[in-house]
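I opened the notebook today to go through this structure step by step. Here is what I looked up, in the order I looked it up.

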Amino acid sequence: MVKIHWGISLAALAVASLPMAAMAQEARSTPAPADEQGIPDIVVTAQKRAENVQDVPIAITAFTASALKERAIGDVSQLSAITPNVNLDGGTPFSGSSAVLSAFIRGIGADDFAFNIDPGVGVYVDGVYLARTVGANQDLLDVDRIEVLKGPQGTLFGRNTIGGAISIVTRDPGSKFRFTGDVTTGSYHLLQVRGSADIPIAANLNSSITFGVKQQDGYLQRVPYPDARAANADSYTSFAAAGYDTAAREGAANNWDLRGKLKWDNGGALKVTLTGDYTSDRGTTANKLIATAETVPGNFAGTANLPGTAFDPTGTTGFLFAGLYNFCIGATPAQISARGAAGLCGVRGTQYRPGLQLGALASVNVDANPNNNRLPWDSRFLNGNIDQSYATGNSFSRLESWGLGGTLQYDLSDAVTIKSITAYRALHWAAGLDADGSPLNMLQLSFSMNQWQVSQEFQVLGHALDKKLNYVLGAYYFKEAGDLHDYVTFAEGLLQVDGPNKLETENYAVFGQIDYRPIDLIGITLGGRYTHENKSFEGGQQDLNGFNYKLFGCSDANGNIAPNQILLFAPVTCAQANAFPDPTNPVRIYTPGVNHKTFSNFSPKVGVQLHPTSQVMVYGSWSKGYKTGGWTTRLSNPQGSVAPGFGEEKATTWEVGVKSTLIDRKLQLNLAAFTTDYRGIQLNIQIGTSPTIANAGNARIKGFEAELVARPFSGFTVNTSLGYISAKYTYVDPAVAAVSGANVFQAGTLVGAPLPKTPNWKVNISPRYEARLGNGGKLIFVGDWTHTSSLWNDTQRTYALRRPSTDMINAGVTYEEPNGHWSLTAGGTNLTEDRYLTSGGSNIADGAIFGTYNRPREWYARLGVKF
């Protein structure tokens, strides 16, 4: 329960500071009058109705189309630098695609793409929820505005907005023909072409068509490893995968987008909008080997030679696949026999998939035949150049997504409107990456996903009592289904995970919110949402090498496993000893059958607002949100007869703030303070070689956001923001800590440790100056500096993956000709060449820690046209 004195302190801080919890940008959807010297308004729909952002008692950071364009912000992840207490990254560990969004708001989010893991931050496009993080890092084509809502948004936006929501609103077509477009070139052979045309069709029927194409070379170069033995490694195409495609460079962009919109509006009661969009994205992430771990030949268990985690600085580990691989290639037949490892070091694969069997590794480096010698796994593959890699395996991502939508709005009267939002979306994705960054197949990962979703939302919006009472009532239905297939090759095929998964979700909800202002001074908000959800899942993970059978001596050197062999040390079969669940498929890891879960939740909201003047609003709110549960899908060992599942996350947030416009609209001062009780945290922890989801514990999150917009004189605007957050574990389940291993969690030590992807501080200063020229043209200068304190990139708090404090500087200048028909922009990003890891993963059992560095310094030049 939140302590009373903390709530009082927050309220006092907010009132004393006269803040506002929403950041206004340089422009708005409806342009301000030309002679207006003050800060213009931004109209948002965070409460399902159009309102000035200053009148909404929610912490919102809003961006308009012009602000995004001037700062060269092209996708959702790039909003991170200029939004306090928000961390957005394009790509998650081992996703291989920059189209996957890792989103955290106020310490809550998700850093994975798996179908079984729902996001903690909801992303919406024109009111339609994007259920998967795959494809959520949207290209920002022809948007009207973006609204970043902070804190649980469960009442109006629904499940999986426990951290917040990102609402992308695209521009409606105009009633006159109009075309805007631009061509951009820049570093790494960048070529980007974008355009949008408004095309009137009839008197009351207008349309728009928008397109974007982007191609750019990758910034990480693959180079050959200078050792002839590299050629003796098995080809990455020898192992099961979602596809096979390599690349000379990683971190490339190759995508195109198309969006169409049709709107009918005759000025009467009915308005109809139809939309369609298609995206093809083949961009990849730049994967880099950061550190290695291996044991000396002849010893399966030893000490890793890499930095450990925060709780295991020595790096001491147990059994390593890397050590086994090194042992197999370097041990004599006698040594292999003495260790009972003939099956482990023999033919890879089993008799159940003879087409995937590969030759034995045993003694290849000591058999007096130098022509078949193999490279061992060790630190030799660490390349000091962060933009180079010795990888030779997969590097591809192929994403296709599309959607259709329809919005109908009908005014029953001047006071009541009904609205319907209907949508269907689908995506098809395959990706693969070489996580080990070497010529070997130590950690090769690939995935395929197919997903479809349908959603229907009804809203009733209205006002009463001379507009003192505003309300929204609604009902929501959502269904999605699809599959995710994991392929992971460890240590040259000593473990080969082949994991097909099928999932389905059906969800319905009813919601409502009332905003009542009985007198000018006081406003009250009451809202709630009831959600019911049914989920089903079937997992089919299997190990194509039958590793556990070979480890227990239930195989021969030719790869033939014997599931029914009785063990020497116990009167059970090999299959029984390892708890393999399917007698018809001895290498299947996941228990057969369809699993079911049901979730129900009520997310309330209560708020109070004070309006001491027409330009100042003080508000306080209490709200709840939840993120649905599911199942762990990525198993490399059987975990019993019951599918391992996890429950919901829940968050309860208290927030106070003030929204104010001061000094004759020359200054907006913002501050929001909050505290969140975060329970049942779903964390991706590493159990052996298996990334596993568990409700690891609870946390307390406290912080504030201060945002300021000042326009001291005509032409000059500066946006400044400051975010502070303290997000720390207050409890960790000892059972979770025990199974995770000392190098991942120690329950007592982890209490007080920070949550991942959550820096304590973020500071941004973004000046803009517009100078009028004598010929009627203008020059626009923009810049931004963002300082972010250090953070942990992963749950395990791996030192090698820790992100240090960063200072990012971007700048640009635009010349716009007098009639506004064309403009020329030149600029640069990451001007100080500040490099850091944006994501990464550690698989100690396989001996590899890998990650992705941010993009280096880049320049760009853009020619824009408008007529």
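**Confidence.** I began with pLDDT, since this is a predicted model. The protein chain averages 89, and 90% of the residues score at least 70.

Next I traced three strands that form an open sheet in the order β16-β15-β22, with mixed pairing. The edge strands, β16 (249-250) and β22 (388-389), each pair on one side only. I followed β15 (residues 220-222) to β16 and found antiparallel pairing over two bridges. Gln221 stands opposite Arg249 in β16.

**β40 to β42.** I moved on to β40 (residues 761-772) and β41 (residues 778-788), which pair in the antiparallel sense over nine bridges. Their hairpin has five residues between the strands, and there Gly776 takes a positive phi near 95°. From β41 I went on to β42 (residues 806-816): 11 bridges join these two, again antiparallel. Which residues did I find across from Trp785? Ile765 stands opposite Trp785 on the β40 side, and Ile809 is the bridge partner of Trp785 in β42.

**Aromatic pairs.** I searched the whole structure for ring pairs and got 27. One of them is Trp402 with Tyr424, a tilted pair at 5.5 Å centre to centre and 45° between the planes. Trp402 sits in β23 (residues 395-411) and Tyr424 in β24 (residues 416-434), 22 residues apart. Trp402 is partly exposed at 31% relative accessible area, and Tyr424 is partly exposed at 32%.

Then I looked at Phe537 and Trp631. Why is this pair stacked? The ring centres are 5.6 Å apart and the planes lie at 25°, so the pair counts as stacked, because planes under 30 degrees apart fall in that class. Phe537 belongs to β28 (residues 522-539) and Trp631 to β32 (residues 630-631), so the pair ties together parts 94 residues apart in sequence. Phe537 is buried at 1% relative accessible area, and Trp631 is buried at 4%.

**A cluster, and charges over rings.** Ring pairs also link Phe94, Phe113, Trp429 and Phe447 into a cluster. I checked Phe113 again and found Arg634 over the face of its ring, 5.1 Å from the ring centre. My last entry is Arg802, whose charged end sits over the ring of Trp792, 5.1 Å from its centre.

Notes
Residues numbered from 1 in each chain as written. Predicted model: local features only at pLDDT ≥ 70, side-chain atom pairs only at ≥ 80, totals over all residues. Heavy atoms only, no water. Pairing = 2+ DSSP bridges. Helix = DSSP H or I, 4+ residues; strand = E, 2+ residues; numbered from the N terminus. pLDDT = per-residue confidence, 0-100. Phe/Tyr/Trp six-rings, centres within 6.5 Å; stacked < 30°, edge-to-face > 60°. Buried < 20%, exposed > 50% of the residue type's maximum accessible area, 1.4 Å probe, protein only. Lys NZ or Arg CZ within 6 Å of the ring centre and 35° of its normal.
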